Amino acid sequence: MPATPDTNPPSQTFGQRVRAVRERVGMSRPVLGGLVGRSAEWVKALEGGRLHVPRLPLLLRLADVLGVEDLAELTGDERLSAATYTKAVHPGLPSVRAALTSYHFDSDDEPESADALAARVRQAWQLWHGIGDHRANIALVLPDLIADCQRSVRGLEGTDRRRALSALAETYHLAQLFLSFQPAPELVMLTGDRSMAAAQDADSPRSIAVAAWYMNHVLRDAGERHEARVDLAMQAAELLDPDRGPEDLARWGLLHLAAALSFAKVGRRGDAERFWDRADDAARRLGDYIHPWLIFGRGMVDAYAITLNADLVSPGQAVDAATHMDLAPMPSATRRSFHLVESARAYRLQGEDVAVVHLLRKAHEASPETVRFNTFARPAVAELATGPNAMIRDDARTLAQRMGVPA
């Protein structure tokens with residue numbers, strides 16, 4: 001989801017626009033420079049007008065790191081859009097959009113039972129994490145599942161209604177995941193807000209905790225400052241008892257992982273590592289347990305160390321984490337693919353483009369739609385497919401073609 005639109009006057013220079021967005025999202029010059037493969041002095045020179053507007057590949061990388069979808073926010077040129085290169089529209093988007101924006105007030109149908117809804121939601125999660133076109137598969141079931149959950153929430157009472165609300169919150173999580181990395185930021189915010197409202201109405205600490213995890217992604221992509229994201233995660237964590245069992249402990253660890261990622265995004269290493277240690281401790285206490293649909297466990301925490309160090313602009317540590325990561329036990333093709341993409345991002349920061357293409361190809365084999373809709377993978381493949389490295393250029397072009405990326 002893009003950063004909140006700015007009201008920069010047309011007279012502002014490119015550098016002034018970059019600085020305004022960078023300061024709005026709370027990112028320092030060293031962090032921004034590191035994430036786009038440049039120095040803090042380079043960022044300072046760019047913002048000060050001593051450098052020209054970068055060429056398209058670097059401009060796209062800047063936009064991605066800053067959370068800007070419309071390049072006009074940086075360039076002032078309304079003809080340019082980052083979405084062409086960084087985001088793709090899934091064919092299922094119109095039906096999911098219609099399901100989220102349609103309202104059914106009257107129905108003579110008997111509401112589905114809470115047990116039946118819970119079983120359907122479990123099956124939907126299996127589709128999301130399964131091998132194959134997970135977005136296409138989930139887009140087929142989301143519209144009916146959203147409508148039936150809403151109908152049951154209206155028709156059931158007491159405990160059954162609260163269980164239906166929890167099922168509805170999870171269904172909105174699935175919708176949010178489907179919408180991620182697509183040009184539909186207003187729907188991502190809508191699903192995040194609705195899932196939190198349903199979880200609170202269900203009066204379920206566990207549902208609220210998961211909604212807070214997904215809202216952290218929404219708020220981070222929207223450019224909300226890290227303090228608000230961490231506060232939300234910690235308030236939700238306080239509702240849980242990590243000594244009660246794996247359901248609470250997994251969610252507790254997940255929320256501390258959310259805080260760690262929020263601090264890493266703004267370059268606060270000490271705080272990021274402190275919260276990651278708590279998530280790591282939760283994973284250690286869980287042993288071999290992996291949450292069946294949140295996928296929180298030892299492997300997920302280890303894999304997110306790659307993301308954390310990449311965001312902290314520590315490519316050496318990110319690559320080291322990637323070399324020690326074991327994705328084989330992770331029961332989710334989409335997660336395995338995502339963490340392979342993050343490994344590619346780490347190698348990209350080190351300039352090891354042969355490894356980047358290899359890892360992106362592996363990620364595409366694991367889950368093609370995960371890579372096709374990833375906002376790092378798309379511009380990276382486009383740049384490598386036209387870059388000077390002849391050793392990987394043909395492989396990058398082939399991968400770009402499979403991903404539907406203009407190259």
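Guide: Let's start with aromatic pairs: rings of Phe, Tyr and Trp (its six-membered ring) pair if their centres lie within 6.5 Å, with planes under 30 degrees apart called stacked, over 60 edge-to-face and the rest tilted. Here, Trp 213, Tyr 304 and Phe 338 form one aromatic cluster. This is a predicted model, where local features need pLDDT of at least 70 and side-chain atom pairs need 80 or more, while totals for chains, interfaces and linings use all residues. Residues are numbered from 1 along each chain as its sequence is written, and side-chain values use heavy atoms, leaving out hydrogens and water.

Visitor: What is the average pLDDT of the protein?

Guide: pLDDT is the predictor's confidence in each residue, from 0 to 100. The protein averages 89, and 92% of the residues score at least 70. Over residues 1-8, though, the pLDDT is below 50. Where pLDDT is low, the predicted coordinates should not be read in detail.

Visitor: Back to the rings: how many aromatic pairs are there?

Guide: The structure holds four. Take Tyr 304 and Phe 338: their ring centres are 6.1 Å apart and the planes meet at 55 degrees, so the pair is tilted. Helices are DSSP runs (H or I, at least four residues), numbered from the N terminus. Tyr 304 lies in helix H16 and Phe 338 in helix H18 (residues 333-349), so the pair ties together parts that are 34 residues apart in sequence.

Visitor: Are those two residues buried or exposed?

Guide: Buried means under 20% relative accessible area, exposed over 50%, and partly exposed in between (1.4 Å probe, protein chains only). Tyr 304 is buried at 3%, and Phe 338 counts as buried at 18%.

Visitor: Which charged residue sits over the ring of Phe 275?

Guide: The test is NZ of Lys or CZ of Arg within 6 Å of the ring centre and within 35 degrees of the ring normal. Arg 278 puts its charged end over Phe 275, 4.8 Å from the ring centre. Arg 38 also lies over a ring face, that of Trp 42, at 5.6 Å from the centre.

Visitor: Which loop holds Ile 295, with its positive phi?

Guide: Ile 295 is in the loop between helix H15 (269-286) and helix H16 (298-311). Its phi is about 65 degrees, although Ile 295 is not a glycine. With 1% relative accessibility, Ile 295 is buried. Phe 181 is another non-glycine residue with a positive phi, near 65 degrees. Phe 181 sits in the loop between helix H10 (158-179) and helix H11 (185-202), and is partly exposed at 28%.

Notes
Contact = heavy atoms within 4.5 Å. Helix = DSSP H or I, 4+ residues; strand = E, 2+ residues; numbered from the N terminus.
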